[in-house]
Amino acid sequence: MDELKDVILKYVNAEYVEEGGDPVGCDTPLISGGIVDSFSMVSLKRFLENKCKISIPDDQATPEAFDSVDKIVVLVRRFTKT
Amino acid sequence: MANIGSYEERVNGFDWSVSEKELGYKPGDIINIGWYCSDRICGHGKADKIALHWEGLGGAEKHFTYNDIRLASNTIAAFLQSLGQAPGDRICLFMDRVPELFIGVLGILKMGGIGQPLYSAFGDESLYVRLENAETSAIITQRKHALKVRKILDKLPHLKHIIIVDHDGKSPLRDREVAFSLEKAAPVEDFDSYPTTAESPSLLHYTSGTTGQPKGVKHVHYSLISQYLTAKWVLDIREDDIFWCTADPGWVTGTSYGIIGPWSLGVTQCVLDGGFSAEAWYKFIEKHRISNWYSAPTAIRSLMKAGDEIIKNFDLSSLRNLASVGEPLNSEAVVWSEKVFGKAFLDTYFQTETGSIMITNFPGMKIKPGSMGRPFPGITATILDPKAYEPYPETGKIGLIAIRPGWPAMMRTYWNNEETYQKKFKNGWYMTGDRASIDKEGYFWFVGRDDDIINTGGHLVSPFEVESALIEHPAVAESAVVSKPDPINMEVVKAFVTLKSGFTASADLDLEIMNFIRKKLSPLAMPQAIEFVESLPKTRSGKIMRRILKAKEWGEEIGDTSTLEND
């Protein structure tokens, strides 16, 4: 697994899954699956911006774009040079 | 022709007995909402009619007829009794929108318990204060939420049973935990509903206050009379409707109009247990041919944000009636819905305390986009002068929305807090805490809250509660919490924070504090913006002046600063 995906996956499991709860995978639906709600998306977006030193415009921080770790990686890569 | 017919004719000589007669209720009779929403409907020949189409994660589907929910609620009621739960006990429902939540409410009511639905995204602190206040004796929950209960269990001596509805046997049950499976339990054919009467308590819904901890709003079984009639006349629910209320039963809309209203009318309703996405919602409407849709401005604005193009991918022609609740519906959203759905969302207004719709736009009436509409028949609403607490003699003035008490669904008290309850009344009026004006045609126009409460996405958040939680973070010395404008949620939580010595403001600390509040209280209460400041504006007596911070956020005049400490 690439480093970015691994970092995001670990963060999502640490922050949005209750201790002892079922861990999420890279393709687990986060928003449509009710794991991350629209309010919590703000903190997830903030994490990505802090960690990757990027700025994600609000109009691109959509529930669809945040719906899985895989999709988030695609979104983040659009704003990073590597 | 809409169910209400002529608004003017309904208003003249209105009496709640209209609803009582339709429900076959006479004053003094037994009235049990659980029975009315299941057994009674079956008795009307609708036992095989679908009561609930449910969809969950991963495409899971369940369908329940009215006979199914009658049996299932009997089964839950009998199970609670077998545990020793008694009439009057507070029984919490702490679940996602699974069928057990909706049917569980009926089961609790049937055995005479008081249902206490709580939003499943609440963190352990929010959960604790509500369970502790109500001295809750049992909680019905899911495995994933039971983890939060375990964290606070030692502080809850009254909590005797934690009922887990999806226990899979993989991990052992812990102290006070018991498994219950609706699918595996033997259906209970006959159950004698507890003979509750009009004033018997039914539900406790918790709502945030400006100061102090959340208040438990006590409702009674007689609330059915208002909820039935408003669902029929305002939401225009009809026999052949497929109804979808998007609210979570952790909030009052989700019980009044996501359970009691539609099921007392014997209509088919749908529930989607999943997060929001425009595509998923439109697909759900198309698939179930939803005709009557009750949603919230935040959701409507999110759909607007998703654009008009996506709508063309779905057949939404089944939609007949659209309504909205939770916060003021902006005129742009009304105009947009008319453009894309061919129907305007009708804005409705009520509160946890009122239990049923108070001021509203009715099907068939002239809609003024952005207006709250007019009072429901039987509801006397006015605008009070905030100094004299008397109605303004003239129209157009901004004042306090007040309602003459006496409608069936009105709260009866705040749980263990009669003193605060009494403070909600002035000169014989119930004070909503909201400000508005009335125009010459009797339409109400919402202005805002009259206190510091934050209405974010239709949910009330107490700044006091967030501030109290913030100072439990090791880096935070002081905090002030206010609302901040937001294009989707109307307003969101913003925190101004001073740090203890040894801590430095940073992006990582900002995120750490956000997550701290999210997990402790709820995602709704999480500050979406944190501003680290050197000091907070205070009065000379040391009270933080939130209104100065709020005025800056909203670009408003700061007003009188004569009492400001640093002036």
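Five bridges join strand β8 (residues 201–207) of chain B to β9(B), and the two run antiparallel. Strands here are DSSP runs of E with at least two residues, helices are runs of H or I with at least four, and both are numbered from the N terminus. Two strands pair if DSSP finds at least two bridges between them.

The model is predicted; local features need pLDDT of at least 70, side-chain atom pairs count only at pLDDT 80 or more, and totals for chains, interfaces and linings use all residues. Residues are numbered from 1 along each chain as its sequence is written, while chains are lettered from A and ligands numbered from 1 in the order in which they are written.

Strand β9 (residues 215–220) of chain B is mostly covered, with six of its six residues buried. A residue is buried if 20 or more other C-beta atoms lie within 10 Å of its own, exposed if 12 or fewer, and partly exposed in between, with C-beta atoms placed from the backbone. B:Lys215, B:Val217 and B:His219 point one way from β9(B). B:Gly216, B:Lys218 and B:Val220 point the other way, and all are buried. In a regular strand the side chains alternate between the two faces of the sheet.

Chain B holds 17 helices and 27 strands. Its radius of gyration is 23 Å, close to the 24 Å that the globule rule gives for 567 residues, so chain B is as compact as a globular protein of that length. The radius is taken over C-alpha atoms, and the rule is 2.2 Å times the number of residues to the power 0.38. The C-alpha trace of chain B spans about 75 × 60 × 50 Å along its principal axes. Of the 567 residues, 50% count as buried. Contacts require C-beta atoms, placed from the backbone, to lie within 7 Å. Among contacts in chain B between residues at least 6 apart in sequence, 68% join residues at least 24 apart.

An open sheet of nine strands in chain B has mixed pairing and the order β2-β1-β11-β10-β12-β13-β14-β15-β16. Its edge strands are β2 (61–65) and β16 (374–375), each pairing on one side only. Strands β10 (residues 242–245) and β12 (residues 292–295) of chain B run parallel and are joined by three bridges. B:Cys245 has B:Tyr294 of β12(B) as its bridge partner. Helix α10 (residues 252–264) of chain B packs on this sheet and touches β1 (50–55), β10, β11 (268–272) and β12. The direction of α10(B) makes about 165° with that of β10(B). Axes are lines fitted to C-alpha atoms, for helices over the stretch in contact, and angles run from 0 to 180 degrees between N-to-C directions.

Helix α9 (residues 223–233) of chain B packs against α10(B) at an angle of about 80°, with the axes 8 Å apart. The two helices are therefore roughly perpendicular to each other, a class that covers 65 to 115 degrees; under 35 is roughly parallel, over 145 roughly antiparallel and the rest oblique. Residues making the contact include B:Leu224 and B:Tyr228 of α9(B) and B:Tyr257 and B:Ile260 of α10(B).

A second open sheet has three strands in the order β25-β26-β27 (chain B), again with mixed pairing. β25 (476–486) and β27 (529–532) stand at its edges with a single partner strand each, so one side of each is left without a neighbour in the sheet. Neighbouring strands are turned by 25° against each other on average, direction ignored. Strand β26 (residues 490–499) and β27(B) pair in the parallel sense over four bridges. Helix α15 (residues 463–470) of chain B lies across β25 and β26, running at about 145° to β25(B).

At the interface, 21 residues of chain B are in contact with 20 residues of chain A. Helices α8 (143–152) and α16 (507–520) of chain B each give two or more residues to the side that touches chain A. The largest share, six residues, comes from α16(B).

Conventions. Contact = placed C-beta atoms within 7 Å.
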